[in-house]
Structure formats: C-alpha cells, structure tokens
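Here is a short report on one protein chain.

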Amino acid sequence: IGVAKMTFGGLGQNLFNPAIVGRVFLLISFPTYMTNWAKPEGFIGNFDAFTGSTPLGLAKEGGVAAIEGLDYCDMLFMNIGGSAGELSAIALLAGFAYLLIRRVIRPYITCSIIATVAVFSGIFWAIDPATYTDPVFNILTGGLLLGSIFMATDYVTSPMSNWGGVIFGVGIGVITMLIRYFGAYPEGVSFAILIMNSVVPLINKVCHAKKYGRA
C-alpha cells in the first residue's frame, strides 16, 4: 500500500493494483515458499501435513504428463494445492455471480479474460495436446479466476468504458498465457494485470466512457 498506492497520491490515484504489487514482490523474493502449499482434502476435510507444487507448477516442471492424474472436480471443490483464495473455482464463481447481482462489477473484463485464455490455450492445445494444457485446466487452476474477478475489476486500475474493459481483459488473457506457456514462471496472471494496469490511461484515451445523460 505504501509503495504502490500512497506514493501515487493515495486513494483513486494509484496506477497499479496494490494487492498484486505486494503478491508479485513476495513471489519474486520468495519463489519457493510462494509456489509450494499444503494440499487440502476438500471443503469438509482436514489439511494434510505435506506440501506440494500447484497444478501449474507441476505442468511447468513435468509437462502435460505430470498432471494426467488431476481431476477437474478437485479444482472446482478445493482439493488442490494453491494460494488462499484460488483453491475453489466454484466458490470464486459464486462470488462472481454475487458481485454481478449486486452490480458491484461489470462482466466485460472478467469474461474477456476467461474467453481469451480459453481461445488462446484451445488453439495451442489443439495443435499439440501433448505439450500444451487444455482450456479447462488453464481456467480452473492458478489465480486466473481470482485475478479476473476480484483484481482486474478494481475501479481505480481498470478502464472506465465497456470496450476499454474488453481490450484490457484480452490483453491480460494473452499475456497470462504467454507467461504460462513460454515464461519462466508457471503463473502469469499477476504480472499480466500489472502490465495492463500501465496501459489503462492509454485505453481510456482511445475508448471514451459514455458521458452521463448522453445517448
């Protein structure tokens, strides 16, 4: 907050999402601790005493063959290793529905990120399924849902117009998959959001929000 928010002038003035800046700092400083987590037994189970790599980490280290035993139901119901807040896809999607119903956020950014990741990974997976992970895996694992629902939609650091939000989301999706497939880190959502945060002023200049009262 001090570095990424207050130095820019405080509330409403910061260019980058402070929470993601903090997480990226920790990830770069302590990569081992930030990529190994205690494996849970699901919503109603106890936590095991051992730690292991996240599904994305396994895929980065051992390729598609390393994740063949993973079940998508485990990803939906918090039975995989990962950071707090990214374990259960079904809980994150429920939170997304709640925010939409309460009109706290708009769907353009989140849906464009997920759609871009699905299309991007789907193309590579169709070309070489033995090397590249499938779209469902990329949507349900890592911080994609958490970042697209709760981080990328931050009012201060996201575009003001709907079309600007779509461009913003497509950029995040493309950068995320480029990092996941070709980068050194197994996950790229945080980096992608920060990079696109820096482009938001330009997006706002190109895609103007509709003025209040105008048709």
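## Burial and surface

Of the 215 residues in the protein chain, 43% are buried. Buried means under 20% relative accessible area, exposed over 50%, and partly exposed in between, with a 1.4 Å probe and protein chains only. The accessible surface is about 11600 Å², and carbon and sulfur atoms hold 68% of that. Areas come from the Shrake-Rupley method with a 1.4 Å probe; for residues, only the protein chains shown count as cover.

This is a predicted model: local features need pLDDT of at least 70, side-chain atom pairs count only at pLDDT 80 or more, and totals for chains, interfaces and linings use all residues. Residues are numbered from 1 along each chain as its sequence is written, and side-chain values use heavy atoms, with hydrogens and water left out.

## Fold and confidence

The chain has 10 helices and 2 strands. They run α-β-β-α-α-α-α-α-α-α-α-α from the N terminus. Helices (H or I, at least four residues) and strands (E, at least two) are DSSP runs, numbered from the N terminus. Among contacts with a separation of 6 or more, 66% join residues 24 or more positions apart. A contact means heavy atoms within 4.5 Å.

Mean pLDDT (the predictor's confidence in each residue, from 0 to 100) is 83 for the chain, and 81% of residues reach 70 or more. Where pLDDT is low, predicted coordinates should not be read in detail.

## Aromatic pairs

The structure holds 10 aromatic pairs. Rings of Phe, Tyr and Trp (its six-membered ring) pair if their centres lie within 6.5 Å; planes under 30 degrees apart are stacked, over 60 edge-to-face, the rest tilted. Phe124 and Phe182 are edge-to-face, because their planes stand at 65°, with centres 5.8 Å apart. Phe124 lies in helix H5 and Phe182 in helix H8 (residues 162-182), so the pair ties together parts 58 residues apart in sequence. Phe124 is partly exposed at 22%, and Phe182 is partly exposed at 47%.

Tyr185 and Phe191 form a tilted pair, 5.3 Å centre to centre with 35° between planes. Tyr185 is partly exposed at 28%, whereas Phe191 is buried at 18%. Ring pairs also link Phe120, Phe124, Tyr132, Tyr181 and Phe182 into a cluster.
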